Amino acid sequence: MFIGVHNLGLILAGGANFPEAPPWQGGEKVWHADIYILEPGAKEWQRLPQLPRPLAYGGSVSTSKGVIFIGGCDADRCYADVTLWRWDPAEKDLSVETLPPLPQPSAFLSAEHHQNAVYVLSGQSTLDPRSAEKHLWKLDLSQPLETLHWEELEPWPGESRIKAMTAVQNVGGEKSYLFLFGGEHAGSGAGSETFYRYLSESFRYDLQSLTGPDSWEILAPLPGSLAAGSALAVGQSHILVFSGSTGNHGTKPVQERPPFPPTVLAYHTITDTWSAAGEMPVGVVTTEAVFYRGGIVIPSGETQPGVRTPKVQQAYLLTPSPRFGWINSAVLLLYLVALVAMGFYFSRREKGTADFFLAGRRIPWWAAGLSIYVTQLSAITFLSIPAVSFASNWLVFPALLAILMMAPVVVRYYLPFFRRLDLTTAYEYLEKRFSLGVRLFGSVSFIAFQLVRMAIVMFLPALALSALTGINIYICILVMGVLATAYTILGGIEAVVWTDVLQTVVLLGGMIVTVVLILVDVGGPGAVLATALEDQKLRITDWTWSFTALVTWSIVLGNFALQFGPYTTDQAVIQRYLTTKDERAAARGIWLNGFGSVIFGTLFFVMGTCLYVFFKLHPELLKLGMQNDEVFPLFIGLRLPVGISGLVIAGIFAASMSSLDSSMHSISTVVTTDFYRRFRPHEGERRYLKLARVIIALLGVLVIAAACLLASYDIQSLYFFFNKALGLVSSGIVGIFILGIFTRRGSTLGAWIGAGVSVVALIYVTWFSHLHFYLYPVFGIGVCVLVGFLASLFAPETKDLKGLSYRTLLK
């Protein structure tokens with residue numbers, strides 16, 4: 001049958017069966033033109049107007065515009081017709097639109113849809129299965145109807161085939177591929193007799209290249225020859241293949257052939273491995289699997305040769321119930337209690353805002369350095385970085401060098417301003433150099449960005465932790481929010497820094513234990529290295545010259561520009577520079593963060609590669625439909641010893657709380673210093689300190705509520721949009737600091753104009769260009785500095801810049 005979903009309606013059309021008797025009893029095959037639809041909440045199928053003719057064995061794809069029926073055949077011939085069917089649930093109307101026909105008739109074909117384009121792998125062009133040819137056609141639906149046409153692309157390697165299984169899926173979250181599995185090849189034997197060969201070959205086609213023989217790659221074959229099954233992409237990296245005909249009983253009389261196997265196979269696109277995923281209640285072939293109402297639906301189909309079923313099977317991906325255990329729970333509880341205890345301990349030192357905001361400048365350089373690193377390492381990052389080398393390779397590893405490259409820039413050019421001008425917030429410098437308005441612009445931009453970020457930083461780790469531990473997501477959010485708020489209020493920045501240090505030790509230990517356990521399991525470092533080299537998982541550079549692709553020069557340059565944001569304008573990081581006893585100690589902390597980022601980052605990449613090798617050997621342990629970022633939490637639940645897994649999970653809790661406490665404390669510092677103290681400078685220290693703590697408490701309530709909102713409603717995309725929109729402003733802030741520190745001509749009006757033009761330019765390249773996102777900060781900062789400087793030449797201002805630009809800095 002033709003099968004698809006549009007506007008929540010499950011549409012079935014056409015098909016063929018033996019209504020009177022099976023073929024071995026003389027039954028005749030009948031083609032049908034009936035169309036049925038099932039809507040949400042309906043208890044029975046609704047019959048709709050019929051197809052123009054009885055039709056079966058074509059292809060169908062579901063799109064946002066409607067369901068497209070492609071090709072097919074009846075008892076007399078094959079067809080090239082292509083039609084688009086739209087369901088209007090309000091009017092209960094199914095309308096049809098004719099699209100350009102295929103270049104030639106085709107039945108028993110395969111069809112897929114990806115990014116507004118339809119791809120068809122041709123089948124047989126006549127009723128003789130030996131007429132099958134190798135064609136790959138593409139129809140770009142984004143083109144106007146009058147210019148729509150089918151484009152011939154590079155066909156697959158190997159033989160022509162019918163009844164192949166196909167799906168479109170990502171590989172490593174980078175590229176999308178068209179996957180082709182198995183199929184049935186018909187040929188001529190002795191005496192012109194038709195023979196059938198069932199295939200096990202697997203291929204993938206790069207949908208980005210579209211041309212040339214290198215577009216196709218050979219993959220791991222199916223566990224056995226298979227044709228006529230149903231393939232469906234699930235999650236980020238899995239493809240399920242439901243049932244299929246093996247061809248093992250082709251020599252038997254039709255009535256003696258057994259039912260088709262109910263086996264469900266899972267192919268993992270990253271590790272290129274097959275595993276058994278389960279079984280269907282009834283194996284069926286010559287049908288399709290589609291997503292419908294939260295599950296996978298497989299309507300009708302052939303249960304054994306010549307026997308059809310009207311039954312509709314629905315499948316759901318099961319999520320195994322986590323077993324956290326009392327030992328892990330006890331470890332987690334003790335860790336969280338220790339964090340609060342640290343808050344109580346450091347609260348005894350808080351005598352005023354100098355202690356609360358700057359820890360009395362008594363933080364050791366090494367603790368400040370570790371805290372800088374962990375401030376940037378959210379729980380999201382901790383879980384996702386290993387997924388990068390697991391899913392792809394080491395190509396983005398050079399990005400870590402950008403943090404080390406930033407260290408001398410910060411130490412030489414920025415740190416002296418923050419230390420010698422006796423600042424509490426970075427944005428105080430902007431008022432001294434430009435104006436109060438520019439200072440408040442920097443402060444408000446920082447606060448807005450952190451407010452949105454905090455909800456995401458709490459919600460996403462809570463989601464992962466809930467799945468990993470079985471603890472209700474709202475409890476995870478509440479525990480992280482309340483505890484982070486409590487010890488931040490009690491201990492100020494000193495408690496924040498020392499909990500960061502504890503977290504660093506726990507997370508580092510967890511990574512080392514993970515790597516050791518994997519190495520023991522897979523046969524040692526040599527086995528990991530051999531597999532990684534064979535599968536090209538250690539590729540670290542790509543010196544292609546491109547502004548739109550992920551290449552080494554743009555990774556390094558883009559990340560170097562990106563680091564200007566956190567390390568030169570972000571109060572959460574800069575505040576750490578100000579907690580040490582002197583400038584030299586702060587510089588040593590910055591250098592420690594630079595080298596630590598490379599060391600820690602290397603360990604993250606090593607762990608991701610180890611996870612790849614482990615799951616390549618054990619593909620059956622991969623959770624069906626999982627996101628790639630889940631691979632490290634999955635291993636924690638599967639393999640880490642009891643107690644150790646509890647400690648690592650506690651560390652993930654702490655990583656989320658570290659990002660949260662840093663944001664809350666820095667916002668409190670900015671509001672108290674840049675707003676309240678700026679306009680009411682004669683209040684007492686106790687009043688400032690009390691206000692700072694009240695702000696943290698209010699922020700804690702706000703972020704808990706926002707994270708719970710994200711968990712309750714499907715508005716994550718809206719939050720990410722706000723986060724992205726606010727990120728457009730960050731390049732302008734960086735550019736303003738550069739204008740102030742490195743130029744003497746930079747003026748207030750020039751700074752405003754530069755920042756404004758930078759935002760407009762970034763909106764253009766983000767939504768209307770193909771520039772790779774790694775280059776966004778390079779472009780945004782460059783525009784702000786260039787435009788701001790030129791505007792300053794036309795709008796100069798007279799101001800004493802002694803100590804406010806690098807050339808006039810007080811020595």
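Helices (H or I, at least four residues) and strands (E, at least two) are DSSP runs, numbered from the N terminus. The model is predicted, and local features need pLDDT of at least 70, side-chain atom pairs count only at pLDDT 80 or more, while totals for chains, interfaces and linings use all residues. Residues are numbered from 1 along each chain as its sequence is written, and side-chain values use heavy atoms, with hydrogens and water left out.

**The chain as a whole**

The protein chain has 18 helices and 27 strands. Its radius of gyration, taken over C-alpha atoms, is 31 Å, close to the 28 Å that the globule rule gives for 811 residues, so the chain is as compact as a globular protein of that length. The globule rule is 2.2 Å times the number of residues to the power 0.38. The C-alpha trace spans about 100 × 65 × 55 Å along its principal axes.

Of the 811 residues, 56% are buried. Buried means under 20% relative accessible area, exposed over 50%, and partly exposed in between (1.4 Å probe, protein chains only). A contact means heavy atoms within 4.5 Å. Among the contacts with a separation of 6 or more, 68% are between residues 24 or more positions apart.

Serine 371 is found in helix H3 and is buried, with a relative accessible area of 0%. Leaving aside neighbours within four places in sequence, serine 371 is in contact with Val497, Asp500 and Arg576. The C-alpha atoms of serine 371 and valine 573 are separated by 8.6 Å, although the two are 202 residues apart along the chain.

Serine 663 is found in helix H14 (residues 644-679). At 1% relative accessibility, serine 663 counts as buried. Apart from neighbours within four places in sequence, serine 663 is in contact with Gln450, Arg453 and Met454.

**Aromatic rings**

A pair of aromatic rings is described by the distance of the centres and the angle of the planes. Rings of Phe, Tyr and Trp (its six-membered ring) pair if their centres lie within 6.5 Å; planes under 30 degrees apart count as stacked, over 60 as edge-to-face and the rest as tilted. By this rule the count comes to 38 aromatic pairs. Two of the pairs are set out below.

| Pair | Centre to centre | Angle between planes | Type |
|---|---|---|---|
| Phenylalanine 356 and phenylalanine 357 | 5.8 Å | 65 degrees | edge-to-face |
| Phenylalanine 417 and tyrosine 429 | 5.4 Å | 65 degrees | edge-to-face |

One aromatic cluster is formed by Tyr413, Tyr414, Phe560, Phe564, Phe742 and Tyr806.

**Positive phi in two loops**

Most residues other than glycine have a negative phi, and most peptide bonds are trans. Lysine 92 has a phi near 55 degrees, a positive value in a residue other than glycine. Lysine 92 lies in the loop between strand E9 (82-88) and strand E10 (93-99), and is partly exposed, with a relative accessible area of 45%.

Arginine 361 likewise has a positive phi, near 55 degrees. The place of arginine 361 is in the loop between helix H2 (353-358) and helix H3 (365-376). At 23% relative accessibility, arginine 361 counts as partly exposed.
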